[in-house]
Amino acid sequence: MSTRIAFLKGHGTENDFVIIPDPENVIDLPPAAVAALCDRRAGIGGDGLLHVVRSAAHPEARAMAAEAEWFMDYRNGDGSVAEMCGNGVRVFAHYLQRAGHVAEGDIAVATRGGVKTVHIAKEGDITVGMGKALLPEGDVTVSVGDRHWPARNVNMGNPHAVAFVEDLDHAGDLYTAPPFSPASAYPDGVNVEFVVDRGLRHVALRVHERGSGETRSCGTGACAVAVATARRDGADPAVTGTPATYTVDVPGGRLVITERPDGEIEMTGPAVIVAEGEIDAGWLETATP
């Protein structure tokens, strides 16, 4: 390993990431190393890590290389692997543009949740094609202390439980994962969104992301919330033939989510790179047990 490792720091609606450019997939990033980099006191700090790799160079993405040159090897802040991160895809695309790998317009990004279409607009916002939501059957309940709510099970390539509450403070501190039942609904854990209404097709959320705790934003969570809210409101674009657009406020900003009649979901929001530098590989080795 080189003695210096390049990194950047970025965020999408304050969902923040350490970015490690590694086109040929030569940097070893075991879970402990990722957790050390994402540590907010002893490391760089982030909700997760974006490992930037050419699809052809990564065994999990080679099959997608013909569709997408670049693979977002996404990791949660605790080092665990995640299928997809909506805010992360926007930041990932912004990095690719900044580095000169892509230009404005449409690009494809490979993820563990499949190939995602991304549009980089001239005015700066980035739109991500998030795919279709799955709505598994079965009742789900989430809890915080003595409070319990029914939750809508929504899968956006990763699992979500969406609960409508009267006050976002009812979500508690969200340091630990809110309990849910039945356990069989989410055998690998779940992202839990607590949602309140703000106006016509306008909601706000707080979220516990599995592996990261409460985050300032969750792109797939905002999509899951928009779909769950639309169904609660009796809106299903596949039935009405009309797109359903919701504004979703997150603690770190605002996202706009549109579900089209064909079921495809688009998320639009900002992406920012705030810093870049080098990591001492020796430090990373000593920080990794």
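Arg210 forms a salt bridge with Glu83, and the closest N and O atoms are 2.6 Å apart. A salt bridge here is a side-chain nitrogen of Lys or Arg within 4 Å of a carboxyl oxygen of Asp or Glu. Arg210 sits in the loop between strand S13 (202–209) and strand S14 (213–215), and Glu83 in the loop between strand S4 (70–76) and helix H2 (86–98), so the pair ties together parts that are 127 residues apart in sequence. Helices (H or I, at least four residues) and strands (E, at least two) are DSSP runs, numbered from the N terminus.

This is a predicted model: local features need pLDDT of at least 70, side-chain atom pairs count only at pLDDT 80 or more, and totals for chains, interfaces and linings use all residues. Residues are numbered from 1 along each chain as its sequence is written, and side-chain values use heavy atoms, with hydrogens and water left out.

How exposed are the two partners? Arg210 is buried, with a relative accessible area of 17%. Glu83 is partly exposed at 28% relative accessibility. Buried means under 20% relative accessible area, exposed over 50%, and partly exposed in between (1.4 Å probe, protein chains only).

A search of the whole structure finds 21 salt bridges. Side chains of opposite charge can pair when their charged atoms come close. Another such pair is Glu214 with Arg206, at 2.8 Å from N to O. Glu214 is partly exposed, with a relative accessible area of 29%. Arg206 counts as buried at 13% relative accessibility. Elsewhere, salt bridges that share partners join Lys9, Asp16, Arg40 and Asp47 into one network. Within it, Lys9 bridges to Asp16, with the closest N and O atoms 3.3 Å apart. Both Lys9 and Asp16 are buried.

Which residues cover its two faces? Asn15, Phe17, Ile19 and Pro21 lie on one side, with Asp16, Val18 and Ile20 on the other, and all are buried.

S2 has a partner in strand S1 (residues 4–12). The two run antiparallel, joined by five bridges. Strands count as paired if DSSP finds at least two bridges between them. Leu8 has Ile19 in S2 as its bridge partner. S1 and S2 form a hairpin with two residues between them. Thr13 in the turn has a positive phi of about 45 degrees.

S2 also pairs with strand S3 (residues 48–54), in the parallel sense and over five bridges. Here Val18 stands opposite Leu49 in S3. Together, S2, helix H1 (residues 31–38) and S3 make a right-handed β-α-β unit. Right-handed means that, with the strands pointing away from the viewer, the path from the first strand over the helix to the second runs clockwise.

Now turn to helix H3 (residues 219–232). H3 has 14 residues and reaches 20 Å from its first C-alpha to its last. That is close to the 20 Å expected at 1.5 Å a residue, where the expected span is 1.5 Å times one less than the number of residues. Of the 14 residues of H3, 13 are buried, so the helix is largely enclosed by the rest of the structure. Gly234 follows H3, and its phi is positive, near 80 degrees.

Finally, look at Pro187, in the loop between strand S11 (180–181) and strand S12 (191–199). Pro187 is exposed, at 68% relative accessibility. Its C-alpha is separated by 35 Å from that of Ile273, 86 residues apart along the chain.
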